[in-house]
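Colleague: I'd like to learn how to read a few features here. Could you walk me through them?

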Amino acid sequence: MSSATGMRVVVTGATGNVGTSVVRLLSEDPEIGSVLGLARRLPDWSPPKTDWDAVDLAAERSDLVERFTGADAVVHLAWAFQPTHDPAATWRTNVLGSMRVFEAVAEAGVPALVHASSVGAYSPGPKDEAVDESWPTHGWPDAAYCREKAYLERALDTFERDHPGTRVVRMRPAFLFKRESASEQRRIFGGKFLPGPLARPELLPFLPDIPGLRVQALHTDDAAHAYRLAVHSDARGAFNLAAEPAVDAHVLGEMLGARPVRLPRTAARSAIAAAWGLHLLPASPHLFDAVLRLPLMDSGRARRELGWQPERTATEVLAEFLQGLQQGAGAGTEPLRGRKVG
């Protein structure tokens, strides 16, 4: 447990988009004594006060209890987005792996569990007003990502009932971007052969304006700040995390100097479904369906109870990310490795 040397925090999925930001902030925090980062592949990166251990949450015997024993908090971020054509594989890592984490937290007697949920856990909702954390979290059942996030919300309901002494925090962030995540997210959603340099405003004479395509974005470092605050606080429950403004074709058009052109949902979905079916596009049409139905989130609770405030607007986040795409930006971990294609 915590001592004169500071708190001990374990972070799963510590080498990904969110994990690298969370580990960096925790390692710079004078109240944190040590950080243990868990990942499938160990990085060359060596932040202060941080040790690494290789763990595959999909494996049935991952000895998590030993790693969690003595921790003041476990921040659970590990998640696999692919393979989208094999939902059983992502279920093993994301759902069964997460439940192993929850069970190990309880067995090791860790006082706090901070879990990475998502806007994707929410049931379909409005695009013209923001919902708070009481909005239903049943996801969009056709999309594996949403189905898995929603299932874990129910698993945490049971966990909280059975382990009332463990403080559980559920973070529900909007879409998270930073410059260093550009190459990883291009590979996850656009495919490893999609040239990043194509993300240049002068190559986009118009933008498809698809009904319902209005979402929220947040800088990954701003989300990591909320995770750090949750580790230190006594807060429990769910917290929405998003920056303003909500992003649609008109906002992007102003950013990029491109003209929005109305495109029917059916045409856009058909194109995505064809590319996904041919294994040319990793992002599935089911996820596209979900994105069109995600509600906008009100982040007021995080501001009031955690003292959290995003430092960057959504447009600043996207501008940084697009620059990272053009430059093939990355970082010194296997998931975030930079690669410029084309």
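Modeller: Helices (H or I, at least four residues) and strands (E, at least two) are DSSP runs, numbered from the N terminus. This is a predicted model, where local features need pLDDT of at least 70 and side-chain atom pairs count only at pLDDT 80 or more, while totals for chains, interfaces and linings use all residues. Residues are numbered from 1 along each chain as its sequence is written, and side-chain values use heavy atoms, with hydrogens and water left out.

Colleague: Which helix gives the most to the lining of the second largest pocket?

Modeller: In general, rolling a probe the size of a water molecule over the atoms shows where empty space is left. On a 1 Å grid over the protein atoms alone, a pocket is an open set of points where a 1.4 Å probe fits, with protein on both sides within 12 Å along at least five of seven lines; lining residues have an atom within 4 Å of a point. Here helix 1 (residues 17-27) contributes the most to that lining, with three residues. The lining residues include W45, K178, E180 and D221.

Colleague: How do helix 5 and helix 11 pack?

Modeller: Two packed helices are described by the angle between their axes and the distance between the axes. Axes are lines fitted to C-alpha atoms over the stretch in contact, and angles run from 0 to 180 degrees between N-to-C directions. For helix 5 (residues 182-190) and helix 11 (residues 314-327), the angle is about 80° and the axes are 8 Å apart. The two are therefore roughly perpendicular (65 to 115 degrees). A182, Q185 and R186 in helix 5 meet F321, G324 and L325 in helix 11, where contact means heavy atoms within 4.5 Å.

Colleague: And is S123 buried or exposed?

Modeller: Buried means under 20% relative accessible area, and exposed over 50%, with a 1.4 Å probe and protein chains only. S123 is buried, at 10%, and sits in the loop between strand 5 (112-116) and strand 6 (130-131).

Methods: Parallel < 35°, antiparallel > 145°, perpendicular 65-115°, else oblique.
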